[in-house]
Amino acid sequence: MGGLGWRMAPVLGLTLLAACSPFGLLRPNQRLLSRVEIKGVEQADKERLTALAQQKPNTSFPLPKLAIYQLGYRFYDSARINNKLRDIQATYLASMKAAGTDSARLGKLLAQRERRINRKQLALDKGNAIMRLGEAPVVYDSALTRRSAEQMTTYLHAQGFFRARVAATDTARYRRGPVLRALGAVGAVFPGKPDSLDAAKKYRRVTVTYNIAENQPFLTQLQPASIPDSGVAAVVRQGSGASLLKDKERYNEALIGQERTRLETLLKNAGYFDFRQQYITFEADTSYDKFRVRLRTLIANPGPGQGHRVYSLRRVRFVTDAGVGRTLRSATGDTLRRAGTPGGQPARPSLGVRADTVVTDSVSFAAYEQKYSTSLLARKVMVRPGQRYSLARTLQTQRQLADLDMFRFNTVNYRKVPDPPAADSTGLHPSTGELVAVINASPAPKFGETVEGGVTYVAYLPGPFINLRLKTRNPFGGAEVLELGVRAGFEGQLTRIAGGNSEATPAVYTTQLGATASLVLPQFLIPFRPNRFLTRYNPKTRFSLSETFVDRPEYTRSNFEFTYDYIWQRSAYHQYVFSPVVINLVNTIRVDSVFRKLLDSLQTTQGSSLFRSFSKQIVPSISFTSLYNSNDFNETRDARYLRLFAELGGLTRGLYREALFDKTDLSVYNFARFSADYRRYHHLTPNTYFVWRLNGGVVHALTRTPDPTTGATQFIIPYDRSFFAGGSTSLRAWSPRRLGPGGYTPLRTERDSNGQPQLTRDYLSEQPGELLLEGSAEYRFPIYSFIKGAVFTDFGNVWGLQEGKDKDGNYLRPGAQFQLNKFYQQIAVGSGFGVRFDFTFLILRLDVATKIYDPTAPSAQRWALRNFDTSANPLAFNLGIGYPF
């Protein structure tokens, strides 16, 4: 109990600190804002109204920010900081005088002085590091309350609540806790000398209430549009079905702004190159009917007697080496100047004249030296001579060229072709015009190298690793991307053998080596010529080879994989991958004899399929993946993620299975596998997020396979296609792949201090399953600067679908079989907190988790939180790169 008390001491300390009165930080006549309430909202967006409140109380969850600020304030001394500032300035002034005219020394001294002064000035302005980790008390300002009420009123009017009213009231009160109320009751019995500050303290907490009277909203009554230009009117009329404004819906100025943008885009896609939103206005009139807004769309002409012009393309010119000449000449000039040549003026390299050397599919390609396949680039260009100008085709061309990964940047600009001389005295422009499209693309470097180093943390051992990747662009002239990579590292693992006996030993380091190669073609590699319609989906063909070599005390194993993929995109967020050929070749080079006996024992006593992971096998399959992800790398959006994966393996094994095994000892299995992973990211405030995830999958053999050792037929799936639970991206309170299955308690034999064998829980063996159900919920919040925090809860498990039975018909792994009436009782739960170091380009993560409910433990120990931080429920530490989901 004493140990638990020490562990809880920091929490109790923060709790007591949070209970301290913050009034000591307030000046006379200042009051602390303790609560903001918004009442009366029935139809409007309450979250948006809450965000308009310009003052909000101090954050108390998940960290008591005001209490942390109070703690730092105890050590804050502004006079001492000012003295240090003066000392720094005096010290560097003397040093700079001593440096004299040494410009290099003076530059270093200035930079050092600036850094030190900035640090002290930051402490003077915003407090010390602890204070900046917390929050200063929010001093109530009635002027900000009035301004907030005005902004809420303006917002409600913009949402159609023209008669809405917002009244703000502040209630000053001090709510005493039960302890203080009890002490107050005692004081009433034994009255003492009254404190003159007692009455003042009661009114130093303020609750602000915004009472909102929405009243009846005004509904729109759409009127026929007023568009004098008949061509523009026809385009708007044709696209009216996609209008965002509907009749008899609540008036909404934000929606009107979106409709204005939609109309501008609609007309630009119809050839109106010069069209701008300024021509579009919406006339709103509330004088006709009660609670009705007559809304009319007005699109003005550019000038008296002039209509809007439609532009078509006369020519499309593609410069594939934009900036090359300027960069080379600039670099050459710098070299000549450094060499002492007067003015750097000798003849700069002549690259010749960039001419339209190739015309492919009506696109003129210009370059000093054409290095890319013009037929391929032409398929990525959506604009063509003779077409009307289209903003959508322009943006699509830029996206297609950017997805090639061949260019640092690309732009599509348009130049107007001068009009012919006016045919009459009026000088009016013709109704149509012509444009020349110029695509400028600056080539990216041909080679790109990436070196990554890091540390994994598995089995309580830090494991260093290094990745080397080389990217080659356009190796064969067809805008291909060739990537080569190697990986080497050490990783901690739990081992099952030591010194020739079967007892468990501490974790050891294992060696992991890997190599990958991939070639990506920017088109579908198919026997017929695809039409231009497929180009809009950014099709790609990818060939991948990978080899992984693992050397552990128990075994040495290699895994070779070849994939042939077709990749295309439905949108910027949605990608599909179809893999008609996937081949895995597993070869176990060495298996320790003691470990082999253990595998045989697990197969006999538990029906474990672990032994198959160390047999020679080939896994041919086809797969399909659909991936939708509207988030960004740093997961800062309100977004959704959905990944669906389906795989069929060994469909044709009947043609070669027996012959293949007889000649090569390679086993082949047929199976079907499906998984789904859904994630939701809720953006609560600019810096806080609530995210949750549901992940599941099922795998099953299609037909029975004879066991070469016993001759019995059974449903068998490749071990690597099984599902596992536990680890840094799953249930973080369990070791990787060690949770489950179901409510089964895995046991192993261990010798006690007297050398006698005894059964104990097995925390070392992987626990495969055929059905996975898991989920997570996580609240993410800022702590300080680039340091972010999180509290999370994970839940889930794996189960077997066709568990093995003994001769008496009993399951070899009792409780592992999935059953509808029991599975919900076998869902494991873990919780914890995490710290993330967000460097924008890289996110380092440390999660600490503990088990709450462990369905695999003996019945009396399933509520594992009672055994917090013991051998039955140790704290689990997870180091990783990036967010867990």
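Predicted model: local features only at pLDDT ≥ 70, side-chain atom pairs only at ≥ 80, totals over all residues.
Residues are numbered from 1 along each chain as its sequence is written, and side-chain values use heavy atoms, with hydrogens and water left out.

Let's begin with helix H4 (residues 78–99) and helix H5 (residues 103–126), whose axes are 10 Å apart and pack at an angle of about 175 degrees. Helices here are DSSP runs of H or I with at least four residues, strands are E runs of at least two, and both are numbered from the N terminus. The axes are lines fitted to C-alpha atoms, for helices over the stretch in contact, and angles run from 0 to 180 degrees between N-to-C directions. That angle makes H4 roughly antiparallel to H5 (under 35 degrees counts as roughly parallel, over 145 as roughly antiparallel, 65 to 115 as roughly perpendicular and the rest as oblique). (Ala, Val, Leu, Ile, Met, Phe, Trp, Tyr, Cys and Pro count as nonpolar, Asp, Glu, Lys and Arg as charged, and the others, Gly among them, as polar.)

While you're on H4, look for Arg80, which sits in that helix. Arg80 is partly exposed, with a relative accessible area of 46% (buried means under 20%, exposed over 50%, partly exposed in between, with a 1.4 Å probe and protein chains only). Arg80 and Leu124 are 44 residues apart in sequence, yet 9.8 Å apart in space, C-alpha to C-alpha.

Next up are helix H10 (residues 230–238) and helix H11 (residues 253–269), whose axes come within 10 Å and cross at roughly 115 degrees. H10 and H11 are therefore roughly perpendicular to each other. Their contact is made by Val232, Val235 and Val236 of H10 with Leu263, Leu266 and Leu267 of H11. Here the classes are 6 nonpolar, no polar and no charged residues.

Now for the cores. A nonpolar core is a set of buried Ala, Val, Leu, Ile, Met, Phe, Trp, Tyr and Cys residues joined through side-chain atoms within 4.5 Å. The largest one has 27 residues, and Val316, Phe318 and Tyr414 have the most contacts inside it. At least two of its residues come from each of strand S7 (310–319), strand S9 (363–367), helix H13 (374–380), strand S10 (407–416) and strand S11 (432–443). Leaving aside neighbours within four places in sequence, Phe318 touches residues including Val363, Phe365, Leu377, Leu401 and Ile439. A second, separate core of 21 residues includes Ile227, Leu263, Phe275 and Val293.

Most residues other than glycine have a negative phi, and most peptide bonds are trans. Gly740 and Pro741 are joined by a cis peptide bond, with omega about -5 degrees. Pro741 is in the loop between strand S24 (713–715) and strand S25 (747–751). Ser785, not a glycine, has a positive phi of about 55 degrees, and Ser785 counts as exposed at 55% relative accessibility. Asp869 has a positive phi near 60 degrees, and Asp869 counts as partly exposed at 31%.

Notes. Contact = heavy atoms within 4.5 Å.
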